[in-house]
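Hello,

Here is the structure I promised to pass on. My notes follow below it.

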Amino acid sequence: MSLSIRHSWFEATARQRLAGLLDPGSFCEFLPPAVAQPSPHLAQLDLPGAFDDGVVVGAGQLGSRQVLVAAQEGQFMGGAVGEIHGAKIVGLLRRAVAERPAAVLFLIDSGGVRLHEANAGLIAISEIMRAVLDARAAGVPVVALVGGSCGAFGGMGIVAKLCSAVVMSEEGRLALSGPEVIETVAGVEEFDAKDRALVWRVTGGKHRYLMDDCAALVDDDIAAFRRGSIELLDDWQETPDTLARLRAKQARLQGRLSAYGRCRDGLEIWAALGISEPERVPLLDCDELIALKEGLPT
Amino acid sequence: MTLNTILDALFPAGHAVAVANQVLAGEAQTALGPVAVLGTTDAAAIDHAMALALAGTVLDTVEQHPGRPLVFLVDTSGQALSRSQELLCLNGSLAHLASCVDFARRQGHPSLALVTANAVSGGFLSFGLMADQAYALADAQVRVMDLRAMARVTKIAYERLVELAASSPIFAPGAASYQKMGAIAAIWPAPSATLLLDALRDIAQARGAGDQRQSLATTRGGRQLAAGVSRQVEHAVGAG
């Protein structure tokens with residue numbers, strides 16, 4: 001990597017990520033503070049709101065391509081989706097259908113549904129799911145960027161996997177139920193949520209990359225997410241789903257369920273994939289891991 | 001209510017639906033012609049195998065019976081909670097199922113979901129809420145989480161949540177809340193062939209109208225803001 005100082009994506013705010021991801025000065029926010037409103041549902045519970053309700057939406061340029069962007073703020077309510085938060089994302093995706101930008105970049109950093117607005121959040125996530133698929137059907141790629149402190153969990157984990165592709169950092173986590181939820185319901189023997197290394201071996205970027213659940217693995221660096229997104233879009237052609245493609249995907253998912261369905265740790269799967277020293281995977285840097293994956297038997 | 005009671009009431013002209021691993025698949029006769037019947041039973045916690053079984057039935061229907069309506073019977077307690085499920089990216093299999101239901105819609109298959117008992121979070125998102133319209137039986141439980149668990153996670157007093165739930169469909173569990181919020185078209189007092197036919201006709205008529213849940217929520221007073229905020233973002237000036 002270059003000698004320039006890394007700017008951690010994990011630690012940055014949503015606005016800092018956007019500022020470094022997009023071409024300098026190109027970002028323009030929809031519903032800036034003057035016209036936005038905080039969630040009345042949080043106010044009803046005497047909780048502080050945020051004018052952007054935890055998600056920044058707008059337009060900008062990425063390597064001179066016109067893009068629409070949504071960036072969730074993990075530092076506000078864990079990036080969780082409430083009524084306004086969800087509606088902003090839905091509106092942005094509908095705008096993409098009309099405007100046909102080169103892509104929608106979706107900076108996901110969210111635990112899923114905001115429980116304080118549980119029903120509104122769940123329905124909004126369902127609307128986001130439909131809207132992502134509508135944008136893709138209109139030929140607009142939707143790229144999920146996952147590397148924030150809240151990861152992509154719950155319904156937002158499903159949304160990430162409905163996107164055209166996922167770009168992740170090693171620090172990113174992508175799953176359905178959070179380890180804490182599994183521990184609470186099924187016991188600490190099932191999933192010890194305090195075991196950080198285990199959590200990353202099950203939900204982290206390296207494991208997802210080795211399993212093809214994300215398209216690209218990048219360093220925890222805003223500039224790396226920018227390069228990764230540009231490279232991905234350089235080669236991307238958004239084409240509608242076909243029966244054959246969905247059948248192929250179904251077969252792939254069936255195959256790996258048969259092969260690895262009993263595994264309980266990334267280490268077991270990595271060994272089965274043909275990695276000779278699976279315990280070294282967590283120590284590898286991003287480039288080494290990519291090289292390792294390229295050398296694996298297919 | 002047993003699954004057979006529900007199937008008999010919905011499809012008096014006949015049905016052949018098999019259940020394996022809490023997943024149902026088969027077909028039934030209606031006055032509008034044959035429909036595919038699929039879904040889950042006994043409060044299934046959706047795992048990879050169930051999601052893939054459902055997705056497989058959707059794809060089979062698209063391939064073998066072009067245009068045939070899909071009737072989902074929903075009874076799910078949510079997603080399976082285990083480390084091995086997450087290791088294989090359970091959200092990915094649920095997304096695959098959702099994209100198959102969406103694909104069927106784009107191929108001209110009308111779809112209807114009926115919540116027969118439980119509809120909870122991830123399990124509901126992956127197929128029930130992907131249908132063109134969702135309905136619920138009167139005693140169905142529809143929710144993200146029950147209020148006691150919600151109180152524990154949000155650290156808001158249970159009594160306060162109960163009090164607010166009485167007036168706010170935003171987080172009060174129950175099919176009635178979801179109806180107000182636009183996600184459930186109507187609540188049926190009991191499974192009924194007549195209501196099913198009416199619903200299938202309504203869905204056929206509304207085809208191509210897109211996702212109408214936000215505007216329905218505005219009309220019904222459940223979500224006062226969503227439709228307006230989405231519209232604002234959709235038409236905001238300032239790009240470029």
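**Helix packing in chain A**

The axes of α1 (residues 14-21) and α9 (residues 222-235) of chain A cross at roughly 55° and come within 8 Å. Axes here are lines fitted to C-alpha atoms, for helices over the stretch in contact, with angles from 0 to 180 degrees between N-to-C directions. Helices (H or I, at least four residues) and strands (E, at least two) are DSSP runs, numbered from the N terminus.

Before going on, some ground rules. This is a predicted model: local features need pLDDT of at least 70, side-chain atom pairs count only at pLDDT 80 or more, and totals for chains, interfaces and linings use all residues. Residues are numbered from 1 along each chain as its sequence is written, and chains are lettered from A and ligands numbered from 1 in the order in which they are written.

Back to α1(A) and α9(A). From α1(A) come Arg17(A), Gly20(A) and Leu21(A); they meet Ile222(A), Ala223(A), Phe225(A) and Arg226(A) of α9(A). Contact means that the C-beta atoms of two residues, placed from the backbone, lie within 7 Å. By class, this contact has four nonpolar, one polar and two charged residues. Nonpolar covers Ala, Val, Leu, Ile, Met, Phe, Trp, Tyr, Cys and Pro; charged covers Asp, Glu, Lys and Arg; the others, Gly among them, are polar.

Now the second pair. Helix α3 (residues 83-99) of chain A packs with α4(A) at about 10°, axes 9 Å apart. That makes the two helices roughly parallel. Their crossing is left-handed. On the α3(A) side the contact includes Val90(A), Leu93(A) and Arg94(A); on the α4(A) side, Ala124(A), Ile128(A) and Ala131(A) are among the residues. The contact residues divide into 13 nonpolar, two polar and four charged.

Take one residue of α4(A), Ala131(A). Is Ala131(A) buried or exposed? Ala131(A) has 28 C-beta neighbours inside 10 Å, so it counts as buried. (Buried means 20 or more other C-beta atoms within 10 Å of a residue's own, exposed 12 or fewer, partly exposed in between; C-beta atoms are placed from the backbone.) Neighbours within four places in sequence aside, Ala131(A) touches Val90(A), Leu93(A) and Arg94(A).

**Between the chains**

The contact takes 71 residues from chain A and 65 residues from chain B. Which helix of chain A gives the most to the side that touches chain B? Helix α4 (residues 118-137) does, with 13 residues. The chain A side has 39 nonpolar, 15 polar and 17 charged residues.

Helix α6 (residues 179-186) of chain A is also worth a look. Its buried residues are Pro179(A), Val181(A), Ile182(A) and Glu183(A). What covers them includes α7 (196-203) of chain A together with α3 (83-87) of chain B. Just after α6(A), Gly187(A) takes a positive phi of about 100°.

**Strands**

Chain A has an open sheet of seven strands, in the order β1-β2-β3-β4-β5-β6-β7, with mixed pairing. Two strands pair if DSSP finds at least two bridges between them. The edge strands are β1 (28-29) and β7 (216-218) of chain A; each pairs on one side only. Strand β6 (residues 165-169) of chain A pairs with β7(A) in the parallel sense over three bridges. Met168(A) has Leu217(A) as its bridge partner in β7(A).

In chain B, β2 (residues 23-30) and β3(B) run antiparallel, joined by eight bridges. They form a hairpin with two residues between them. Thr30(B) has Gly33(B) as its bridge partner in β3(B). Strand β3 (residues 33-40) of chain B has six of its eight residues buried, so it is largely enclosed by the rest of the structure.

β3(B) also pairs in the parallel sense with β5 (residues 70-79) of chain B, over four bridges. Val37(B) stands opposite Val71(B), and Gly39(B) opposite Leu73(B). β5(B) is mostly covered, with 10 of its 10 residues buried. Strand β4 (residues 44-46) of chain B pairs with β5(B) too, in the parallel sense over three bridges.

Best wishes

Conventions:
Angles under 35 degrees count as roughly parallel, over 145 as roughly antiparallel, 65 to 115 as roughly perpendicular and the rest as oblique. A crossing is left-handed if the near helix is turned anticlockwise from the far one by less than a right angle, and right-handed if clockwise.
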